[in-house]
Amino acid sequence: VLAAVELAIAATPVISAVGSRFFTSDGDQFYIKGIAYQLIPTDPLVDTDQCKRDAKQMQDLGANAIRVYHVDPNAEHKGCMDAFADVGIYLFVDLDDFPTQIQPTTPSWNQSQFTAFSAVLDEFQKYANTAGVFVGNEVLTTADTSGAAPYVKAAVRDMKAYRDSKGYRKIPIGYSAEFFHAGLIACSADVPGLRPMLQNYLACGDKDAERAEFYSLNVYEWCGESSYEGSGYSELEKNATGYNIPIFVSETGCREPRPRLFGDQASILGEEMADTWSGTMVYEWIQETNDYGLISYGPMVDPKVSTEALDGYPRSGTPTTVSPDYGNLKSQWATLSPSGVKLSAYSASASMSPPACPTSTEGGWIVNGNAPLPRLGQSLDNAATASSDASTPTGSAPQASASATGGGTTAGNKEITGMVSSHSQHSFFENSTSTE
């Protein structure tokens with residue numbers, strides 16, 4: 001029986017990134033219709049019975065993917081992964097966790113982070129329905145955090161090298177960014193300085209080993225009765241046209257005004273964007289305090305009585321749809337089935353040129369896109385900014401890593417001198433000195 005189950009799972013078509021699109025191993029273009037799925041803070045993929053119930057309900061909804069933000073790489077996931085594979089649902093999983101995520105203002109990429117990321121990849125590469133992994137989520141949210149971008153890209157580089165050194169299949173490795181439309185959210189007026197800079201930065205350069213294999217955006221702009229132009233989605237499409245790697249929406253679904261209409265799905269998966277974008281993930285599956293849920297597991301309870309019910313919301317049980325939101329999304333997806341192109345017809349034109357690496361902008365993006373990336377073990381030390389206008393990279397590069405790109409002491413290392421432009425309020429690495 002076990003052998004039969006393993007054979008069935010092995011027959012699940014795997015997802016790969018080719019050019020600017022995702023394809024299945026059957027040669028079909030893959031468009032994401034996904035749901036954010038994080039029932040509990042630690043790991044929602046450990047309760048097989050719950051996964052089976054949710055997978056069946058997601059099949060009814062029309063979903064073919066889930067995004068999970070936090071997992072325990074030491075837990076057993078086969079039951080849940082098989083449950084989702086059985087109904088054609090793929091997993092996009094974040095490699096980081098709260099203790100290991102790359103920080104926006106004090107970024108680092110060190111051995112502890114590398115080891116933790118590798119453990120998640122080791123676990124989920126086992127499953128054919130693992131479609132992709134993220135090295136970060138919304139690390140850069142304001143212009144003054146763009147100095148973290150090289151650390152995100154270094155994580156991409158090292159996780160790709162680790163994956164390939166282990167002989168794993170080429171599970172796409174990418175990043176999930178935040179998008180704000182300045183015309184709608186005035187408090188984020190500085191963020192346009194990061195777009196499309198970050199998008200292009202992660203995909204640019206002449207070294208394929210350093211480039212991300214997909215890019216995604218968390219977009220909460222199409223709210224209520226909006227439109228392709230009014231929501232800023234036309235800007236998304238403009239910035240993505242000609243992009244050399246797959247791009248998709250990794251979170252969407254405004255909760256106000258009610259009801260949630262999910263009108264953006266027709267643009268993302270329709271004629272306006274489907275030739276450029278690879279689909280969308282709706283936030284989120286479970287109803288909880290933030291009020292984004294598509295289903296609930298029953299009425300609220302006293303969390304003092306049921307400790308499993310965080311904030312009074314049950315975290316397991318029979319999924320009950322939230323009306324009319326669930327039905328609205330189901331109706332949208334039922335009419336949207338882009339076929340794209342066959343891999344056999346696309347592969348000849350799949351080699352798309354990377355975008356030019358971005359240069360710095362006054363008051364915005366501060367990274368020299370052509371500068372070498374930090375080594376494993378380097379961090380950005382902003383402590384010096386308290387008394388001067390200089391910050392320096394610190395740390396030492398650990399040895400004995402399959403993906404480490406260098407070793408030895410790296411404080412003030414020449415390899416990243418000039419990574420950040422002088423347009424910044426702080427000169428960062430430009431005043432640093434080498435200790436090698």
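Begin by selecting Thr142, which you will find in the loop between strand 7 (130–137) and helix 5 (149–165); helices here are DSSP runs of H or I with at least four residues, strands are runs of E with at least two, and both are numbered from the N terminus. The model is a predicted one, in which local features need pLDDT of at least 70 and side-chain atom pairs count only at pLDDT 80 or more, while totals for chains, interfaces and linings use all residues. Residues are numbered from 1 along each chain as its sequence is written, and side-chain values use heavy atoms, with hydrogens and water left out.

Staying on Thr142, its relative accessibility is 26%, so Thr142 counts as partly exposed; buried means under 20% relative accessible area, exposed over 50%, and partly exposed in between, with a 1.4 Å probe and protein chains only. Then select Gly364, which is 222 residues from Thr142 along the chain, with 8.6 Å between the two C-alpha atoms.

Next come the aromatic rings. The structure holds 23 aromatic pairs, where rings of Phe, Tyr and Trp (its six-membered ring) pair if their centres lie within 6.5 Å, and planes under 30 degrees apart count as stacked, over 60 as edge-to-face and the rest as tilted. For one of them, select Tyr215 and Tyr243, whose ring centres are 6.3 Å apart and whose planes stand at 75°, so the pair is edge-to-face. Tyr215 belongs to strand 9 (residues 214–219) and Tyr243 to the loop between helix 7 (233–240) and strand 10 (247–251), so that distant parts of the chain, 28 residues apart, are linked; Tyr215 and Tyr243 are both buried.

Now select Phe22, Phe92, Phe134, Phe214 and Phe248, which ring pairs link into a cluster. Over the ring of Phe134 sits the charged end of Arg67, 4.2 Å from the ring centre; the criterion is NZ of Lys or CZ of Arg within 6 Å of the ring centre and within 35 degrees of the ring normal. Elsewhere, the charged end of Lys153 sits over the ring of Tyr201, 4.6 Å from its centre.

Finish with the cysteines, which form 3 disulfides (a pair of sulfur atoms within 2.5 Å). Select Cys51 and Cys80, with sulfur atoms 2.0 Å apart and a right-handed link of 85° about the S-S bond. This pair links helix 2 (residues 48–61), which holds Cys51, to helix 3 (residues 78–86), which holds Cys80, across 29 residues.

Move on to Cys204 and Cys357, whose sulfur atoms are 2.1 Å apart. Their link is right-handed too, with 100° about the S-S bond, and it connects parts of the chain 153 residues apart. Both Cys204 and Cys357 are buried.

Cys223 is partly exposed, with a relative accessible area of 30%, whereas Cys254, at 12% relative accessibility, counts as buried. Numbered in sequence order, the bonded cysteines pair as 1-2, 3-6, 4-5.
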